[in-house]
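Colleague: I would like a close look at a single part of this model, with the terms spelled out as you go.

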Amino acid sequence: MSKYKRKKYYNVRLYGEEQVYQFEDCRDAATWFFEEGWSKTINAARVGLSTVLTGKRTAYRRFKITARRYY
């Protein structure tokens, strides 16, 4: 088994009301949500991001989210 998990999404962008935040991957974006107080834990933020990126929701914490995906 591999030591590292592959990153599924990259070039993550969060579109707020007037600002756009850009991150290298979902882990960095989830850490930002936690550090800024938008989410209680990093794992909760990762779940919220994934629900938007898989199309189950349109936004997470008032942010529209886009990302590129590895295939």
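How many aromatic pairs does the structure hold?

Modeller: This is a predicted model, in which local features need pLDDT of at least 70 and side-chain atom pairs count only at pLDDT 80 or more, while totals for chains, interfaces and linings use all residues. Residues are numbered from 1 along each chain as its sequence is written, and side-chain values use heavy atoms, with hydrogens and water left out.

The structure holds 8 aromatic pairs, a pair being rings of Phe, Tyr or Trp (its six-membered ring) whose centres lie within 6.5 Å, called stacked when the planes are under 30 degrees apart, edge-to-face when over 60 and tilted for the rest. One of them joins Tyr-21 and Trp-32, which is tilted because the ring centres are 4.7 Å apart and the planes stand at 35°. This pair links distant parts of the chain, with Tyr-21 in strand 2 (residues 20–25) and Trp-32 in helix 1, 11 residues apart; helices (H or I, at least four residues) and strands (E, at least two) are DSSP runs numbered from the N terminus. Tyr-21 is partly exposed at 25% relative accessibility, whereas Trp-32 is buried at 15%, where buried means under 20% relative accessible area, exposed over 50% and partly exposed in between (1.4 Å probe, protein chains only).

Phe-33 and Phe-63 form an edge-to-face pair, 5.6 Å centre to centre with 85° between the planes. Phe-33 lies in helix 1 and Phe-63 in the loop between helix 2 and strand 3 (64–69), so the pair ties together parts 30 residues apart in sequence. Phe-33 is buried at 0% relative accessibility, and Phe-63 is buried at 6%.
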